[in-house]
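Please walk me through this model in the viewer. Tell me what to select at each stop and what is found there.

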Amino acid sequence: MSSVVEETAAERPAAVARPRRKPAAVLQGVLIGLGLLLLVGGFVVMALDYRPYGIPTGSMTPTLKVGDTVLARQIDGTTVGRGDVVIFRDHAWGGELMVKRVVAVGGDTVATGNDQRLTVNGKPVDEPYLAAQDSQGTAFSVEVPPGRLFLLGDNRQGSMDSRLHLEIDGGTIPASEVEARVEATVLPFGRTGLFARTSAFDGIAGPKAGEPGPLEPAFYATVVGAALIVVTSGVGAAAGVARRLRRRAA
């Protein structure tokens, strides 16, 4: 039969006190945690809101060139305004994924004369983003039905856009066919940058080019978060090495 052995308070081993963490170690942990939060948060925003697209043709030169990779924010086509560069797929145009600039929305009258000067609702539009082009071309005038968009390429001489589909709904596409709005070029590195919002249509009443989404703050949050983690970890490792060297020298 086993017996029970009771310890007195004097016989119990004293509790081992936990060493207190130094302020530097606490600060390091806080900074690494903050870095992780920024890194993951920024990456999640970009992954959920944005998609990369490759540019296969020169129809949007000089704004976009062949081989560029852009980031486009997924949006509802009803939020698109004049001047936005959008990604869309319209089956009446062959069902291919395309990128063009919106120049007119539902209710607009869009036209050009033989000199190719664009007018919207009778007002001439100065388009600083255009490629150099021949001043002669076919004139047209289209009333854009509600819920539809009229789109042109920035390279007007080399773009298969609304002008080539005038016999199909006046060259317009449903706004619902828009998948995303282009907000930045990410490749090649020499052309990396955020899109500048155009003010070309600001003098015309109605929907304007959209304001940028959260891409820029999300990008900087990711970069700052990664930098915090790397720098803080590096400083912590260097401090640990310095402590060991001092102990050996003592």
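Start by selecting residues 23–49, which form helix α1. Helices (H or I, at least four residues) and strands (E, at least two) are DSSP runs, numbered from the N terminus. With 27 residues, α1 spans 39 Å from its first C-alpha to its last, close to the 39 Å expected at 1.5 Å a residue; the expected span is 1.5 Å times one less than the number of residues. This is a predicted model, in which local features need pLDDT of at least 70 and side-chain atom pairs count only at pLDDT 80 or more, while totals for chains, interfaces and linings use all residues. Residues are numbered from 1 along each chain as its sequence is written, and side-chain values use heavy atoms, with hydrogens and water left out.

Stay on α1 and colour G35, G42 and M46, the buried residues of this helix. Buried means under 20% relative accessible area, exposed over 50%, and partly exposed in between (1.4 Å probe, protein chains only). Then select V40, F43, V44 and L48, which make a nonpolar surface patch of about 400 Å². A patch of this kind takes residues with over 30% relative accessible area and no salt bridge, and joins nonpolar side chains (Val, Leu, Ile, Met, Phe, Trp, Tyr) within 5 Å; areas come from the Shrake-Rupley method with a 1.4 Å probe. V44, in helix α1, counts as partly exposed because its relative accessibility is 37%.

Next, select V103, V110, L118, V120, V125, F150 and F201. These have the most contacts inside the largest nonpolar core, which has 16 residues. Such a core is a set of buried Ala, Val, Leu, Ile, Met, Phe, Trp, Tyr and Cys residues joined through side-chain atoms within 4.5 Å. Strands β4 (97–105), β6 (118–120), β8 (140–143) and β9 (148–152) each give two or more residues to this core. Centre on F201: leaving aside neighbours within four places in sequence, its contacts (heavy atoms within 4.5 Å) include R82, G83, Y129 and K208. Apart from this core lies another, of 13 residues, among them W93, M98, V102 and I173.

Now turn to the salt bridges, of which the whole structure has 11. The criterion is a side-chain nitrogen of Lys or Arg within 4 Å of a carboxyl oxygen of Asp or Glu. Select R181 and D84, whose closest N and O atoms are 3.6 Å apart. This pair links strand β11 (residues 178–187) to the loop between β2 (69–74) and β3 (85–89), 97 residues apart. Both R181 and D84 are buried.

R89 is in strand β3 and E179 in strand β11, 90 residues apart. R89 is partly exposed at 31%, and E179 is partly exposed at 30%. Then pick D161 and R163, which meet at 2.8 Å, N to O; both are buried.

Finish with the backbone. Another cis bond joins L187 and P188, with omega about -5 degrees. Q116 is in the loop between β5 (109–112) and β6, and counts as buried because its relative accessibility is 12%.

Conventions:
Patches are made of residues with over 30% relative accessible area and no salt bridge: like charges are joined within 9 Å, nonpolar side chains (Val, Leu, Ile, Met, Phe, Trp, Tyr) within 5 Å.
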